[in-house]
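Let's take a friendly walk through this protein, from an annotated site to its core and its rings. Have the structure open as you read.

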Amino acid sequence: MTQSSEPAYLEVARRKQAQLDSGIPTEWRLPAGLIPAGMLSPPIAVTRSQAYPRENVMDIPRRSGLLTPNELSITEDWDVRGLLAQMRQGTLSAEDVVRAFSKRAAIAHQVTRCLTEPLFPSAIQRAQQLDSILQRTGKPVGPLHGLPVSVKDCFRIKGVDSCIGLTALAFKPSTFHARLVKMLLSLGAVIIAKTNVSQGMAAPDSYNHVFGRTLNPLNHQLTVGGSSGGEAALVAMRGSMVGFGTDIGGSIRVPAMCTGLYGFKPSVGRIPFGGVVTGQPPGLGRVSLQGVAGPLARSVADLGTVLAEIVPIAERFGEDCIPSRWESESPVSDRQTREFTVGVLRTDSLVTPLPPIARVLDEVADSLRRTPGVRVVDVPVPPALRKCQGIAGRLMGADGGGSLLDLLQSTSEPLIPWLQERMKRREALTLEQLAQLQEQRSDIEKELLGMWAVDGDCTNRIDAIITPVAPHPVPEIDRFNAIGYTASFVLLDYPAGTIPVRNLTESDLDSGNGMDSPELGSWDRVNRDLWQAKPVDRRVYLDSPLSIQVVTPKQHDYELFQAMEIIDQAIRSQKGPTWSNSRS
């Protein structure tokens with residue numbers, strides 16, 4: 001096929017990739033010997049996991065020689081609160097901090113392909129302005145003064161593309177900021193880059209025909225997750241202090257699980273979502289299933305530091321936000337006089353967790369049982385939980401997929417491999433069908449209120465539930481199987497977070513050689529194939545992160561943060577804080 005007759009999307013992709021490449025300064029480019037083999041092919045030429053060698057690139061920023069000792073210290077030695085304090089005190093300038101993280105982001109991109117829009121020159125210029133204001137007035141520009149952050153490609157930034165991995169949306173720069181972007185700038189944060197997603201943000205991986213595939217920095221053979229996979233890769237490699245993604249089926253929690261990060265999916269209304277490009281008709285989320293924005297970070301404390309500034313003022317920026325306070329919804333007397341109760345939900349009864357997932361959940365439960373002031377109870381699987389994934393899926397596809405498929409068709413762009421067998425054009429749901437689904441959703445919400453009562457006693461309630469993020473370890477590229485464990489809590493609008501626990505070990509490989517329980521259906525069969533099918537070599541999972549999900553009731557977002565603190569400390573120390581002492 002001659003160039004003149006090739007599909008239109010290829011020419012658009014080449015132009016967009018050239019634009020991206022030009023955004024990496026020459027002096028920040030890695031020596032050829034440090035470029036992994038998986039990064040040498042053209043971005044959209046390689047799509048299958050077999051083409052990538054097992055490679056961990058986490059140490060390349062340090063080995064590259066491109067970062068000075070001071071830049072290594074800036075990007076490695078501080079949490080969010082500490083780094084902000086250094087800039088407020090003038091010990092570190094915002095320019096030095098932003099330049100260090102921008103350089104590290106450029107390095108991260110060269111080994112993972114995580115960026116879509118490098119914003120380094122404008123970020124450094126903004127940092128210089130922040131330094132000037134601080135020097136002139138003695139006051140920082142907001143509580144996040146100088147903090148280097150990144151945002152998923154879908155967040156509009158004025159003058160910058162938000163093509164969400166679709167060639168049809170490339171070279172159409174936004175004319176305004178998304179609400180969250182406007183808020184972050186008002187708080188003094190500096191946005192250094194936008195990051196890669198799956199095609200149309202429709203898959204739990206991060207591959208598209210515009211920018212190619214984002215690779216997992218821990219192991220190039222494994223998925224980085226999606227659709228906020230670029231954020232996960234960048235934050236994991238310390239190219240950003242905090243990344244902001246979106247979540248409608250697990251797109252914050254899945255990439256956090258895949259890269260050993262902490263992810264936080266809030267309830268609807270806590271963080272502005274307006275101004276996000278979704279590839280669907282504007283306003284569809286208000287009548288179907290509504291996505292949310294949320295942070296990914298390297299610690300619970302970092303999540304809490306940014307959420308404490310964002311949540312209380314969200315209603316000033318987002319028409320979709322509610323008046324909120326970053327404090328407990330429970331009375332102080334209640335928190336001080338009773339145990340913190342954690343429920344253990346082992347399965348959704350649709351897909352049985354593979355042995356390492358069940359094992360790590362039990363380990364966390366055992367750690368919590370040894371934690372003073374914490375009570376652990378088992379949560380029976382509510383029958384209604386089985387219905388969540390199906391209803392969430394139908395609501396997510398309310399437009400029949402027509403909007404995304406029309407955009408792809410306009411440039412003759414094919415579906416990515418993960419979507420090829422999963423996405424077909426269907427009839428859009430009628431108003432009557434939408435109403436019926438929302439009625440079913442309401443019935444499920446009412447039934448699941450009982451999940452938070454111990455033995456049916458509404459006065460004896462569960463504060464938080466721990467459950468798997470997914471029923472399998474971090475899988476190979478294009479093999480992420482089930483999003484029901486994350487999508488269900490979007491349907492229910494429960495805030496949910498991801499906590500890394502430990503890496504998968506040799507002993508995990510030998511656990512559960514035979515899963516004796518009956519198969520629960522096709523999803524369960526595919527899941528079991530990830531562990532016990534003949535061609536599977538379990539060693540591919542070795543050293544990959546194992547995580548758990550923490551869930552609290554609707555709008556109990558601060559309680560989710562508290563629960564994550566308690567559970568994370570129990571995991572790290574085996575001697576967690578008491579419920580009353582965790583308030584800070």
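UniProt positions are given here in the numbering used for this structure, with feature names shortened, and such annotations may be inferred rather than shown by experiment. This is a predicted model, in which local features need pLDDT of at least 70 and side-chain atom pairs count only at pLDDT 80 or more, while totals for chains, interfaces and linings use all residues. Residues are numbered from 1 along each chain as its sequence is written, and side-chain values use heavy atoms, leaving out hydrogens and water.

Start with the site. An unreviewed UniProt entry lists Met201, Ser227, Ile248, Gly249, Gly250 and Ser251 under "binding site". These residues are spread over 51 residues of sequence, yet they cluster in space, with a largest C-alpha distance of 11.0 Å.

Where does Ser227 sit? Ser227 is in the loop between strand S5 (212-213) and helix H8 (229-236); helices (H or I, at least four residues) and strands (E, at least two) are DSSP runs numbered from the N terminus. With a relative accessible area of 1%, Ser227 is buried; buried means under 20%, exposed over 50% and partly exposed in between, using a 1.4 Å probe and protein chains only. Leaving aside neighbours within four places in sequence, Ser227 is in contact with residues including Lys152, Met201 and Ser251, where contact means heavy atoms within 4.5 Å. Met201 is buried too, at 16%, and lies in the loop between strand S3 (190-195) and strand S4 (207-208).

Now to the interior. A nonpolar core is a set of buried Ala, Val, Leu, Ile, Met, Phe, Trp, Tyr and Cys residues joined through side-chain atoms within 4.5 Å. The largest one has 147 residues, of which Phe155, Ile466, Ile548, Val550 and Ile567 touch the most other members. Helix H5 (residues 94-112) gives the most to this core, with 10 residues. Apart from it lies another core of 30 residues, among them Ile391 and Leu434.

Finally, look at the rings. Rings of Phe, Tyr and Trp (its six-membered ring) pair if their centres lie within 6.5 Å; planes under 30 degrees apart count as stacked, over 60 as edge-to-face and the rest as tilted. By this rule there are 8 aromatic pairs. Trp452 and Tyr494 form an edge-to-face pair, 5.5 Å centre to centre with 75° between the planes. Their pairing links distant parts of the chain, 42 residues apart. Trp452 is buried at 7% relative accessible area, and Tyr494 is buried at 5%.
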